Amino acid sequence: MKKMTLLFLLLSFTVFPQDIKDKVNQALKNCFGNNIQFEIEKVRIEKNIKNDIEKTVGQKFFSEEIYFYKIFENKSIIGFALLDNVYGKSLPITFMVMFDLNGKIICSDIIKYREPYGGAVQSKEWNSQFKGKDAQSEFIVGKDVSSISGATISVNSVTKGIKKLTLLIKWLMK
């Protein structure tokens, strides 16, 4: 299974990189507006920070590195975004979380959903429930995050992924 996932990932990032780039650009504009500029940095997550977050959330990071976006408007920073992956049932789900300057979620978006089932996590309605959440929020499916019938694995995985990024953004904003 891991070989197939690695092959799929390799193909996804070599065959469809423009697709992912276009979806990221659109997600950023949908969240922050059309007059933004941004800088992208691939950040290596410090091992102790990574371990603490993984232990707190109960989910491992997909990689040692993450894409960190700084969003500007008129040369002033107005927010941040993180692009990451989590595993669905067997394939990665690429998602982005966008934050204000205080680390509160402004928007979240599924950039690439590869599973044959559970795609309802891509809906704007489901993603909008994360708006205003931050590192102190609970992120408990069935309590402050809605479940979706037929998408249990994706809902739990993306929810934990978003929680990880709210904890990580605090470290990155320092």
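This is a predicted model: local features need pLDDT of at least 70, side-chain atom pairs count only at pLDDT 80 or more; totals for chains, interfaces and linings use all residues.

Mentor: Altogether 14 residues line the pocket, and C107, S108, D109, K124 and N127 are the ones that lie nearest its centre. The space inside the second largest pocket is about 200 Å³.

At least two residues each come from α2 (17-32), β5 (105-113) and α4 (124-128). Of the contributors, β5 gives the most, with four residues.

By the distance rule used here, a side-chain nitrogen of Lys or Arg must lie within 4 Å of a carboxyl oxygen of Asp or Glu. The count by this rule comes to nine salt bridges.

Consider helix α2. The side chains of D19 and K23 meet in a salt bridge, with 3.9 Å from N to O. These residues are four positions apart in helix α2, so about one helical turn separates D19 from K23. How accessible are the two partners? D19 counts as partly exposed because its relative accessibility is 26%, between the limits of 20% and 50%. K23 is likewise classed as partly exposed, because its relative accessibility is 37%.

A second pair is found in helix α3. There K50 and E54 form a salt bridge whose closest N and O atoms are 3.1 Å apart. Helix α3 covers residues 47-57, and because E54 and K50 are four residues apart in it, about one helical turn separates them.

D134 and K104 form a salt bridge in which the closest N and O atoms are 3.6 Å apart. D134 lies in the loop between α4 and α5 (152-172), while K104 lies in the loop between β4 (92-99) and β5, so the pair ties together parts that are 30 residues apart in sequence. D134 is buried, with a relative accessible area of 14%, whereas K104 counts as partly exposed at 36% relative accessibility.

There is also a network: salt bridges that share partners join D19, K23 and K112 into one. K112 lies in strand β5, the strand that gives the most residues to the lining of the second largest pocket. With a relative accessibility of 13%, K112 counts as buried. From K112 to K163 there are 51 residues in sequence and 19 Å in space, taken from C-alpha to C-alpha.

F38, I40 and Y67 form a nonpolar patch on the surface, and together they have about 260 Å² of accessible area. F38 belongs to strand β1, which spans residues 37-44. F38 is partly exposed, its relative accessible area being 31%.

Terms used:
Residues are numbered from 1 along each chain as its sequence is written. Side-chain values use heavy atoms; hydrogens and water are left out. On a 1 Å grid over the protein atoms alone, a cavity is a set of points where a 1.4 Å probe fits but cannot get out, and a pocket is an open set with protein on both sides within 12 Å along at least five of seven lines; lining residues have an atom within 4 Å of a point. Grid points are joined across faces, edges and corners, and a volume is the space filled by probe spheres set on the points. Buried means under 20% relative accessible area, exposed over 50%, partly exposed in between (1.4 Å probe, protein chains only). Patches are made of residues with over 30% relative accessible area and no salt bridge: like charges are joined within 9 Å, nonpolar side chains (Val, Leu, Ile, Met, Phe, Trp, Tyr) within 5 Å. Accessible areas come from the Shrake-Rupley method with a 1.4 Å probe; for residues, only the protein chains shown count as cover.
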